[in-house]
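Have the chain open as you read.

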Amino acid sequence: MPSPIWPYVTPGIPDDLFDRLPGIPLSKREVRLLLISHLRLTPDTVLWDIGAGTGTIPVEVGLLCPQGKIIAVERDEEVATLIRRNCDRFSVPNVDIILGSAPECLKDLPAPPNRVCIEGGRPIKDILFEVWHYLPDEGRVVVTAGNLETLYTVSETFAQLQVRNIEVVQSAVNRLETRGNHQTFAAVDPIFILSGEKLE
């Protein structure tokens, strides 16, 4: 269901349409599109977005899946308020924002997921193991890694959990920018996206 600010049925909301806070990460539009494609959403998806940051994924998925439910987990109260502001800004009613720290708060979430997106959380291994308990058969998990250490930890944990149909991509995006009198291409920070399924 389109919103007045983004009256389209396609994902890919420009970054500058979101409210921001200094130092709070935002999934860049091109990375967001990759994340969403790896989630393989259904109309009634129940998505847990752990480390929801600015709230770009909850907003995009909420618009794409108006019959679905998105649960955004964020440990910082000011950031949780930012997510609510962005959901209100885009008229997205189907996002629940949970103030809590993963993995401890996951047991209290209001609905079990069939899709999980993990974009933050320092104990990434603990979060993945805990999430795995709640994912049903054929549930999907998508995780981002911005450095080699996280990439290694997620890969190792996927192996321990016996995640199936694993895919790993690294984004390599350049955007046209105007600098002075010239137009040049500037690189968006590369990120790894790891995804897979739970198959009993």
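Trp48 has 1% relative accessibility, so it counts as buried (under 20% relative accessible area, with exposed being over 50% and partly exposed in between; 1.4 Å probe, protein chains only). This is a predicted model, where local features need pLDDT of at least 70, side-chain atom pairs count only at pLDDT 80 or more, and totals for chains, interfaces and linings use all residues. Residues are numbered from 1 along each chain as its sequence is written, and side-chain values use heavy atoms, leaving out hydrogens and water.

And Tyr134? At 26% relative accessibility, Tyr134 is partly exposed.

## Aromatic pairs

How many aromatic pairs does the structure hold? There are three, counting rings of Phe, Tyr and Trp (its six-membered ring) with centres within 6.5 Å; planes under 30 degrees apart are stacked, over 60 edge-to-face and the rest tilted. One of them joins Phe18 and Phe90, tilted at 40° between the planes and 5.0 Å centre to centre. Phe18 sits in the segment before α1 (29-39) and Phe90 in the loop between α3 (77-89) and β3 (95-99), so the pair ties together parts 72 residues apart in sequence. Both Phe18 and Phe90 are buried.

The ring centres of Trp48 and Tyr134 are 5.4 Å apart with planes at 50°, so this pair is tilted too. Trp48 belongs to strand β1 (residues 46-50) and Tyr134 to helix α4, 86 residues apart. Helices (H or I, at least four residues) and strands (E, at least two) are DSSP runs, numbered from the N terminus.
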